[in-house]
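Welcome! Please take a moment to look over the sequence and the 3D structure shown here, and then read on for a guided tour.

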Amino acid sequence: MLRYRPAFFIILMLFIFNAVSGCGGTKETETRLYPVVRVIDGDTIVVKYKGKEEKVRLIGVNTPEIHHPNKGVERYGQAAASYTKKLLQNKQVRLEFDVQQRDKYGRLLAYVYLPDGTFVNARLVAEGYAQVMTVPPNVRYAGKFGELQRQARQANKGLWGIESKDNK
């Protein structure tokens, strides 16, 4: 049993190094700006990407549904979609990819930034419009998102203060 510990320790240290340094997987950051064609809901947008319209699912976050076939419109879903629309409608965005560039539905998976550097995924969590949703291997900002969610929850922001707000 003792002979496996050094190998386990080395693997653990490599994992920690990759997580801390952000070296887990290939980081592909687009330097180009892409126009937002429309906002589908709080965590999905359509951009004009490399000559065609592409759905982009924001990595690491999940907002309440507004178009789900079984769930219908979830509480705070319209507010989250409206906030995302206010942030992104008729704007241009920069995309940063993590390990996987597309999901099983063919959507681009990206961290989305405004030209002024606003990190949209993080802003949604910080303002309480989204919860953290970590789907390995795309976990580059999971720690950051978790801390932002904790702060939003403590401050009763957005969906965390839903009991005391009138949600339309």
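About 40 Å³ of space lies in the largest cavity. This is a predicted model, in which local features need pLDDT of at least 70 and side-chain atom pairs count only at pLDDT 80 or more, while totals for chains, interfaces and linings use all residues. Residues are numbered from 1 along each chain as its sequence is written, and side-chain values use heavy atoms, with hydrogens and water left out.

On a 1 Å grid over the protein atoms alone, a cavity is a set of points where a 1.4 Å probe fits but cannot get out, and a pocket is an open set with protein on both sides within 12 Å along at least five of seven lines; lining residues have an atom within 4 Å of a point. Grid points are joined across faces, edges and corners, and a volume is the space filled by probe spheres set on the points.

Searching the whole structure turns up one cavity of 30 Å³ or more. Among the residues that line the largest cavity are Ile59, Gly60, Tyr111, Met133 and Phe145. The lining of the largest pocket has 24 residues, and Arg57, Asp103, Tyr105, Arg107 and Met133 are the closest to the pocket's centre. The table sets out the two linings, where Ala, Val, Leu, Ile, Met, Phe, Trp, Tyr, Cys and Pro count as nonpolar, Asp, Glu, Lys and Arg as charged, and the others, Gly among them, as polar.

| Space | Volume | Lining residues by kind |
|---|---|---|
| Largest cavity | about 40 Å³ | seven nonpolar, three polar, one charged |
| Largest pocket | about 530 Å³ | eight nonpolar, six polar, 10 charged |

Which strand gives the most to the lining of the largest pocket? That is β4, with three residues. Strands β2, β4 and β5 (61–62) each supply at least two residues of this lining. Helices (H or I, at least four residues) and strands (E, at least two) are DSSP runs, numbered from the N terminus.

In soluble globular proteins, nonpolar side chains tend to be buried together.

Buried means under 20% relative accessible area, exposed over 50%, and partly exposed in between (1.4 Å probe, protein chains only). Six of the six residues of β7 are buried, so β7 is largely enclosed by the rest of the structure. Leu108, Ala110 and Val112 point one way from this strand, while Leu109, Tyr111 and Tyr113 point the other way. In a regular strand the side chains alternate between the two faces of the sheet.

## How the strands pair

Two strands pair if DSSP finds at least two bridges between them. Strand β7 has a parallel pairing with β4 over three bridges, in which leucine 58 is the bridge partner of alanine 110 in β7. Three bridges also join β7 to β6, and these strands run antiparallel; here glutamate 96 is partnered with tyrosine 111 in β7.

Strand β2 pairs with β6 in the antiparallel sense over two bridges, and proline 35 stands opposite glutamine 92 in β6. β2 is also joined to β3 by four bridges, again antiparallel, with valine 39 partnered by isoleucine 45 in β3. Two residues lie between β2 and β3, which form a hairpin.

Contact means heavy atoms within 4.5 Å, and the contacts below do not count residues up to four places away in sequence.

Lysine 48 is in strand β3 and, at 37% relative accessibility, counts as partly exposed. Lysine 48 touches Tyr34, Pro35, Val37 and Glu53.

Glutamate 74 lies in the loop between β5 and α2 and is partly exposed at 27% relative accessibility. Glutamate 74 touches Pro64 and Glu65. Glutamate 74 and threonine 63 are 11 residues apart in sequence, and their C-alpha atoms are 9.3 Å apart in space.
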